Protein chains: 2
Amino acid sequence: MKQPDVIVREVGLRDGLQLVKTFVPTETKLAWARAVAAAGVPEIEITNFVPPKVIAQFADAADVARGALSIPGPKIVALAPNRKGAENMLLAGVRNVNFVLSVSEEHNLANVRKTVDQSFAEFENVVALRAERPEWKNVRIQGCLATSFGCTIRGKVDPNDVLRCVDRYLALGADEILLADTVGYAAPSEISNLFHHTVAIAAGKPVYAHFHDTRGLGLANVYAALEAGVRAFDASTGGLGGCPFAPGASGNIVMEDLVFLLEKEGLKTGVDLDKYRAARSIAETALPDEKFYGTILKAGLPKGFTPPTLAEAAE
Amino acid sequence: MKQPDVIVREVGLRDGLQLVKTFVPTETKLAWARAVAAAGVPEIEITNFVPPKVIAQFADAADVARGALSIPGPKIVALAPNRKGAENMLLAGVRNVNFVLSVSEEHNLANVRKTVDQSFAEFENVVALRAERPEWKNVRIQGCLATSFGCTIRGKVDPNDVLRCVDRYLALGADEILLADTVGYAAPSEISNLFHHTVAIAAGKPVYAHFHDTRGLGLANVYAALEAGVRAFDASTGGLGGCPFAPGASGNIVMEDLVFLLEKEGLKTGVDLDKYRAARSIAETALPDEKFYGTILKAGLPKGFTPPTLAEAAE
């Protein structure tokens, strides 16, 4: 497979597991990651280097990361809320750091107990790690902006505040930007508008989109982001990843359906949906109490439609 | 309420019930329709004037239609597969006829046992009814095109075939056009392209969109259709209306989520989502074995967001 036209990144093992109380054994996490990789997903956000006392699910972060790095194929990425987490991640061998802060001051305080300014200072500390060891020099750092389209505490978030945060991240050394609709508030025109400006400001640096389907608009928002030039999307196996503020509501957009949308739009993702069933099966077996979403694996591909990825593989 | 910016049409009582084996009592159907109307939905496709031996659910078509015509508010529309059905509909007092044929020859033969040419001849017979009685002179007729974006029997459908059918309908006297993604095959770019041309050809006559969410792209397709200038959408209570060719897959797009998308895009629908809960509750109680979909009534509106329809009502 040549380069995909669009990056789909699996976040089931990070965002998907964030609220899951049942501890998923390390080996099961790795089996899931291997199945995701075997289906052709080019990038996996594998874990969260957060202290175990904050989220017990990620107590095995270093082991999961080390195991995942030996899987052939995908780029392995992990999340860190601070310098300490990022350092542990680098020591485990991961070379792609996602750092996250919330544009909404209220949400950032609730989430990481820092003001936005304090979080940017922490981001500077993370960036400074690149100077500490020669093998860390080329570490890629993604600046992620949670609550970019609204916040359950504050309500509306000003798009200009988001763009100011994008500027700050880039000025401080971020290699990539991610805008997240953390709570599923965004509608397509808002996506279109904010990503259009962000892509322009990023000036060639990758811009990722992270959407939740809490209010049913996840894939409509993907289409709007595509129109704005975005070519990298987070999604999770079966949409795993509920929101604590919306009981019974769905979480991340569903990887399987995202892949169908992109391939139907003529974009190669590199993902074989049929092979992806194995990943879904592992996750469903490991988490019998969680709800898994998605339509395409139930309904099947349209008659006469060959996804570009499979067409290329058949050549 | 002034004119809505966009028409949402409830089709739960027609498309939603089409495959439901349990006969829903006439009075329950009317209670459902009254609740839909009370929530502000401006148009209801109320039943199908098809022979009871074809679909027993619609044996009470004339009674349902007559009952619905006394509900204050919504425009009442019904479907007819042929001249006989249309005549019965007009005799019951309905003045808005939806006639349907499939662009796919194979699907049309399977569905109504006619070639596409024969169906257009039947459409001429329906149009001719307007001349038969003075009170039928101003009957509005919508030409609906099933399988406009693909067919489970034929596979791909040529967009040029769709546009030729649009031309034929208009030449024969259709007042409105509807393109249906009957089996949930369409992706947003295809929607955008075909509706763009259809809106141009229709030259000011209303163009409706009818989408199924079988493969998860229903609301993404709505957004693409909005961009192409479409301002009228079918949807059903809780997405009722499965597809016989995709067991377990969802059916129509969900009215509640459609309304949220449109209002979040700044378009008044006239619908009060909170009041719509009563309609959903009636349908769920009447059909305990059917699956109802939708996210917005579970997750609630975003904090700080007032739908344009409610903002206007509060003025």
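How many of the 7 residues of strand β5 (residues 140-146) of chain B are buried? The count is 6 of the 7, so β5(B) is largely enclosed by the rest of the structure. Buried means that 20 or more other C-beta atoms, placed from the backbone, lie within 10 Å of the residue's own. This is a predicted model: local features need pLDDT of at least 70, side-chain atom pairs count only at pLDDT 80 or more, and totals for chains, interfaces and linings use all residues. Residues are numbered from 1 along each chain as its sequence is written, and chains are lettered from A in the order in which they are written.

**Around β5(B)**
- Strands are DSSP runs of E, at least two residues, and helices are runs of H or I, at least four, numbered from the N terminus.
- Strand β4 (residues 96-102) of chain B runs parallel to β5(B), joined by 7 bridges.
- B:Asn96 has B:Arg140 as its bridge partner in β5(B).
- Strand β6 (residues 176-181) of chain B also runs parallel to β5(B), with 4 bridges.
- There, B:Gly143 is partnered by B:Ile177.

**Interface**
- In contact (C-beta atoms, placed from the backbone, within 7 Å) are 34 residues of chain A and 34 residues of chain B.
- α7 (188-202), α8 (218-227), α9 (255-264) and α11 (296-299) of chain A each supply at least two residues of the side that touches chain B.

Key. Two residues are in contact if their C-beta atoms, placed from the backbone, lie within 7 Å. A residue is buried if 20 or more other C-beta atoms lie within 10 Å of its own, exposed if 12 or fewer, and partly exposed in between; C-beta atoms are placed from the backbone. Two strands pair if DSSP finds at least two bridges between them.
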